[in-house]
Amino acid sequence: MNDDPHIHVGADLNADAATRDLLASTFGLAGDLPSVVTTGCGQRVPRAMTSPLPERVTCLACREHAHRQHLRYAEQVERLADTPGLNVTREQARHAAAEYRALAAQFSDPDG
Ligand SMILES: [Zn+2]
């Protein structure tokens, strides 16, 4: 019986749409999504109990995880622009990084 009322983030931030699209277009990765996911706080829960949206995630540990993870993604995506052979412009990278940082800020806000 799972009576955990909290909404978590996936440890991979639910391979959220922006990340998935970026990875898909950059590396050709777009796998099927598993129905049970590992959360940012280390649990295994149904995907339906997770969300990549800051306003929906109620698990505090997961919000902190998502905050750190988005900041990490922002740094990674900025580095992509400097990677030879990848079709990512500095403009695209800067735009994506800004979105990740905005999301990170929302996850660090206790009011969502
Ligand atoms: Zn959690």
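Because the model is predicted, local features are reported only at pLDDT of at least 70 and side-chain atom pairs only at pLDDT 80 or more, while totals for chains, interfaces and linings use all residues. Residues are numbered from 1 along each chain as its sequence is written, and side-chain values use heavy atoms, with hydrogens and water left out.

**View 1. Overall fold of the protein.**
The secondary structure comprises 3 helices and 2 strands. Helices (H or I, at least four residues) and strands (E, at least two) are DSSP runs, numbered from the N terminus. Along the sequence, these elements occur in the order α-β-β-α-α. The protein has 112 residues, of which 33% count as buried. Buried denotes under 20% relative accessible area, exposed over 50%, and partly exposed in between, with a 1.4 Å probe and protein chains only.

**View 2. The zinc site.**
The zinc ion is coordinated by His-8 through ND1 and by Cys-41, Cys-59 and Cys-62 through SG, at 2.0 to 2.3 Å. Donors are N, O and S atoms within 2.8 Å of the metal (3.2 Å for Na, K and Ca); water is not among the atoms, so sites may look incomplete. Along the chain, the donors of the zinc ion are spaced as H-x32-C-x17-C-x2-C. The arrangement is tetrahedral because the 4 donor atoms subtend angles of 105 to 113°. Four donors count as tetrahedral if all angles lie between 85 and 135 degrees. For comparison, the ideal angle for four tetrahedral donors is 109.5 degrees.

Cys-41, by contrast, counts as partly exposed at 28% relative accessibility.

**View 3. The aromatic pair between helices H2 and H3.**
The structure holds 1 aromatic pair. The ring centres of Tyr-73 and Tyr-100 are 5.4 Å apart and the ring planes stand at 50°, so the pair is tilted. The pair links distant parts of the chain, with Tyr-73 in helix H2 (residues 60-80) and Tyr-100 in helix H3 (residues 90-108), 27 residues apart. Rings of Phe, Tyr and Trp (its six-membered ring) pair if their centres lie within 6.5 Å; planes under 30 degrees apart count as stacked, over 60 as edge-to-face and the rest as tilted. Tyr-73 counts as buried at 15% relative accessibility, as does Tyr-100 at 5%.

**View 4. A polar contact of Gln-69.**
Gln-69 lies in helix H2 and counts as buried at 13% relative accessibility. The side chains of Gln-69 and Arg-72 are joined by a polar contact of 2.9 Å. A polar contact is a pair of N or O atoms within 3.5 Å; within protein, one must be able to donate a hydrogen and the other to accept it, and residues adjacent in sequence count only if both atoms are side-chain atoms.

In the salt bridge between Arg-101 and Glu-78, the closest N and O atoms are 3.1 Å apart. This pair links distant parts of the chain, Arg-101 being in helix H3 and Glu-78 in helix H2, 23 residues apart. Arg-101 is partly exposed, with a relative accessible area of 35%, and Glu-78 is also partly exposed, at 32%. Arg-94 forms a salt bridge with Glu-91, for which the closest N and O atoms are 3.3 Å apart. Arg-94 and Glu-91 are separated by about one helical turn because they are 3 residues apart in helix H3. Both Arg-94 and Glu-91 are exposed.

Leu-53 is located in the loop between strand S2 (44-46) and H2 and is partly exposed, with a relative accessible area of 39%. The C-alpha atoms of Leu-53 and Phe-107 are separated by 8.7 Å, the residues being 54 residues apart along the chain. Leu-60 belongs to helix H2 and counts as exposed at 59% relative accessibility. Between the C-alpha atoms of Leu-60 and Ser-108, 48 residues apart along the chain, the separation is 9.4 Å.

Key:
Tetrahedral: all angles 85-135°; square planar, octahedral: opposite > 155°, others 65-115°. Salt bridge = Lys/Arg side-chain N within 4 Å of Asp/Glu carboxyl O.
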